[in-house]
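Dear colleague,

Please find below the structure that I am handing over to you. My notes on what was found in it follow directly after.

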Amino acid sequence: MLLPDLNDKIFNQILDYDREYPEFYSKLSNEPDRVQYCCSSTLSDMATFSSVVPFPKDVSIHYTTATLKASFGCLAEIGRFYCITDNKLFLWSSTDSFCEQIQEEDASVITSVCLCGVDPILLGYIPDVKFTLVLATPKYIKIIPVSGPRIDFSQFYLTEINFAPFCIAAGQDGRIFVGGECGQIFLLRFDVDNYKARSIAYNYSVTDWVYGVFPRLLKATVGFQTPSIVHICFDASFSYLAAIDDQSHVRFFNFEASSDSCTVLSIDDIEQLEIASICSVPPIDPENPHFIAFCKNGKRICFGKKVTEKHGSTKFGIVSEKDPPPELGDDQVVSAQSFMGLTIFLCKKSAIILRSQRYSEFDICEFVAVQTLPGTGLALGSANIDFSYTDPLIWQHNHEPPISYILTAAGGYKCTFSTPSETLTRLIVTNHGFIKNDVVEWFSNFYEQSEPIANALLSCFQCPENSNWALFIASQYSQQFSQSMHSLMIDGLALRVARILQPLFHSIIMFEYTSKKNEQKWRVSQPFKDLSPMVIVQLDNVNYLMKKYIENQESSTETILIQTNDVFSAEKYHIKKLSSFVDFAIEILKFLGLIGQQKKALCTAVIKMFVESAQSPSEIEERQNELDYLVKIPFYSCLFDDKNFRKALRICNRIIFTEITPTNDMNNFARQLAETCPSLSNETNAKFQISNAIDRLEAVLLSDPDTQKLYLPLVVNTFIEYSGEFISKENLKSVVSKLIQLNAIDSAISILEAKFVHIDPSNRALAFFKDGYDTQKDPIGQQFFDQVYSLMNEPLDQIISEKNGLESLMKSKYELIHIFTFGLLMEQPETLIRLNSPYLKEYIKDYKIEYYWKYLLVHNDMKAAYKELIRLAKETGEKRAKDRLEWLNMALSYAQKCNASYTEIDEIQKFAICAKLQNEVQGDDTKSQELMNFQQIAKCAAQQNKYDVALKALSLQPMKKLDVNELKDIEDQARVFWEKLLDENLQHNELQSRIVKLSMSIKRPNIVIENHEIVRNIFTRLSEKTNTEAAYYTLLRCNFNEQLLYQIKNQL
């Protein structure tokens, strides 16, 4: 259940409260003394009157010259006034004094006109007709179809008659009742191709001697005339007819719709009453009044069924009388109407407005307001009436206020009734949002404490510019009277929602009917099909106000929050629940509205397939139970069992999108459902749309280029919008392959992006990748990464192999698509480093660092490139000295091109020499962890008996930075290395060559070849292998110090 803790609140406390509280007409009938008059200080709280619209000049002229008849009236349903002068009918708008239409009949006089309903058979011929204008003359009656405010008098149905019609009344299903001069009531009804008239009742009873057969004898013998019927009123709820004759007698009939016939109802308490008019009222049950007659002195007489005291039998008669309001004074009622808990008296000098309102547990008050009229009252008509409503406190939330049109001798008025909430709006505006005594008094005038809050919320909707004030006042009232864990604001919000939805609560979703071919069919019930958009707008407004209220409370002072902590916590909890309920109701109403706009055959097909599509017996039984939510269970029960109701609606969707033959209209319908009702339609609609798009893509692939250009974007947009339904790699791969064939690589990438967002909207896969694939830390991220990679890998590989595929992929705004592409190119590093991607630099640094210098070089950053080569050469790791040497040589070349400093170039050269010597020691294929320094190279070379290399490495040591002990160590090492070199078993020529080569490569001054002891030792050992002269000249050729050599030679 969606709203468990508000269920009782809405139904037990609100709907039952509305049902059980005595409604106005019941109280007026059974306990009229408990209906009290209350004077309204402000007319605008009751109604607003337009400025007077003068009579058209044509009307004034013809009215003064009329000879047979001159009368006025209102066609309220189309907002028109009319005047009959003899055989002419004048029509003009309630907002303009210009005569719009003048209709002249081929008869001596027009006796009556009336706007009636439309016969269902006629509606089949003229679908757009809304009303029928019935125009009566002594010779014929015209029925003119009406589709709008302007009437086309050239199209009509004509029925010839042999009686003089005096009055007309609308009946059910387009029936027309006509009262005649002869005292009979006639029925006009459409039959095949025209209207036909027949008598159905007399204005007397065969059981009544006064009005029985005796008058016929009197008429034949002494010319007695039966009273003519001058007014008819029809009670659609129970099919009763009321007829008033020209002697103010009232007679009631029971109309049988099945046989189109009437029977006379008994009546007692007959007396000579001066009745001005009569109207039907909406009885809640048969015991309540059916008609209210208005006497000229303002007294209201209620007629209905009552039990006689003598025999205990049921008769139709007067059940109560209500004295006029004191404000009427000596004025005289011309016409009056009562509807929806409102009453309007049109008097000779004024218009009196009454509005009923609950006052206490047992009493109802009628607020009274008077509008003085400058001219004598002539005619009254009302529109925008719904007879199912009797309480303004209820209908103000879901129905526009009624409108009355008034004609006086001075002209016409439009009277718009005000709702109870508009009084609060006036007070708020007048007081500039301050809570003054009149506001406090207004809040205290309601029997139920949640009622003024519901009115305040309605005021927020009706007057948005003052909504902050109204919401604040309602919150203050709630805080004052709320108790622990019980909030009046929640009661008021729930009451407002219930009142908005109340007209729908007892309706069944799908209406079952039998077609002309005697077939069982279904359609969306009329209340949902004809639902006013304002219902959804109002529900949205309630959601907004709930959010606004919470924000206001949370931003309130700390003191207030502490004082109302328990209440506010409960409010937040219930508002969250109520908001979810409202969201669900809105979605359902939108869904049913869309379904209702489709052809009737769709609903019938869906209902029939609902159970037929089930497989097993248990599934069939389950489906049948779910179907009840559509065809049997009232709407309010469905709302409060949203799980099963939602399931039933989703089954409907699945049938619509998988079983019904797809068409363009169905595709558009599916799109509307998905956009409007996401929680009900997305999944089913998406599968349908994707399946359909795949078929259309195949067709586009086979079409000509112009067709491809036209339809391909539509197909691609469908794939993007419903990307979540690519549930397999094969599906996605197939679509990408076809788009590649259509040279639509960018479109393919857009679909991949949409799919990526659908799978991983929060980028968990990317976070997992950047966090170093730590499965222990983020197992959920690993799942997202694996899912995305598994789905994207093959389609990306397809795109990479295309000519411009890589270039298009690098335009993607999704980093993970770039990363997956990089991964696929790891075996093609030369291609990888040339990509133009904002994410490539970091990727190469992390996963292909040895190519980072190339990336920098390709992207025109030579300085960074040679620095990266240096870093790469010096970096610890298993690398060949040969590679280090190559990198350093390239670094040296690029540094020179970048005009690097001498110091930096010298440093690079030293590193390059180190790498070269290390390579000489280790060979081309041997890897080492680091780039050795000269000391390390000397040691390593000596270990491999490569003493000439060791000596060269020693000679390259930066001597200036060494202390005495370090210099002594180098001298000792050099002495040892020279000895080892000279001890090698080499031929004289070979030894001589190595010494020459070594000494020529060492820059002077250098202790390795200039130390006296070392040189003496070299000279001596070399002399031993040759002779003194040979040794002298060999070392002299090696650029040894000549003076030193000469000195040593002489010593030897």
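**Cysteines and their surroundings**

C167 has its place in strand β11 (residues 165-170); helices (H or I, at least four residues) and strands (E, at least two) are DSSP runs, numbered from the N terminus. Please note that this is a predicted model, in which local features need pLDDT of at least 70 and side-chain atom pairs count only at pLDDT 80 or more, while totals for chains, interfaces and linings use all residues. Residues are numbered from 1 along each chain as its sequence is written, and side-chain values use heavy atoms, with hydrogens and water left out.

Although C167 and A136 are 31 residues apart in sequence, their C-alpha atoms are 8.5 Å apart in space. C167 is buried, with a relative accessible area of 5%. Here, buried means under 20% relative accessible area, exposed means over 50%, and partly exposed lies in between (1.4 Å probe, protein chains only).

How many disulfides are there? A disulfide is a pair of cysteine sulfur atoms within 2.5 Å, and by this rule the count is zero. C167 is in no disulfide, as the nearest cysteine sulfur, that of C114, is 9.4 Å away. For C83, the closest cysteine sulfur belongs to C99 and is 9.0 Å away, which is too far for a bond. C83 is also buried, with a relative accessible area of 0%.

Strand β4 (residues 80-85) is mostly covered, since six of its six residues are buried. In a regular strand the side chains alternate between the two faces of the sheet. In β4, R80, Y82 and I84 on one side are buried, and so are F81, C83 and T85 on the other.

Two strands count as paired if DSSP finds at least two bridges between them. Strand β3 (residues 70-75) pairs with β4 in the antiparallel sense over six bridges, and G73 stands opposite Y82. The hairpin of β3 and β4 has four residues between the strands, and G79 takes a positive phi near 65° there.

Strand β5 (residues 88-93) also runs antiparallel to β4, joined to it by six bridges. In this pairing, Y82 stands opposite L91. The hairpin of β4 and β5 has two residues between the strands, and D86 takes a positive phi near 55° in it.

**Salt bridges**

A salt bridge is a side-chain nitrogen of Lys or Arg within 4 Å of a carboxyl oxygen of Asp or Glu. A search of the whole structure finds 36 of these salt bridges.

One of them joins the side chains of R426 and D45 (2.7 Å, N to O). R426 lies in helix α7 (residues 420-430) and D45 in the loop between β1 (35-39) and β2 (47-49), so this pair ties together parts that are 381 residues apart in sequence. R426 is partly exposed at 25% relative accessibility, whereas D45 is buried at 6%.

Another salt bridge is formed by K142 and E105, whose closest N and O atoms are 3.1 Å apart. K142 lies in strand β9 (residues 140-146) and E105 in the loop between β6 (99-104) and β7 (112-116), so the pair ties together parts that are 37 residues apart in sequence. Are these two residues buried or exposed? K142 is buried, with a relative accessible area of 8%, and E105 is buried, with 4%.

A pair of aromatic rings is described by the distance of the centres and the angle of the planes. Rings of Phe, Tyr and Trp (its six-membered ring) pair if their centres lie within 6.5 Å; planes under 30 degrees apart count as stacked, over 60 as edge-to-face and the rest as tilted. The whole structure holds 44 aromatic pairs by this search.

The rings of Y477 and F481 have centres 4.9 Å apart and planes at 50°, so this pair is tilted. Y477 and F481 are four residues apart in helix α10, and therefore about one helical turn separates them. Y477 is buried, with a relative accessible area of 11%, whereas F481 is partly exposed, with 35%.

F472 is also found in helix α10 (residues 467-481). This residue counts as partly exposed because its relative accessibility is 42%.

Elsewhere, one aromatic cluster is formed by F768, F769, Y773, F785, Y789, F820, F822, Y843 and Y847.

Yours sincerely
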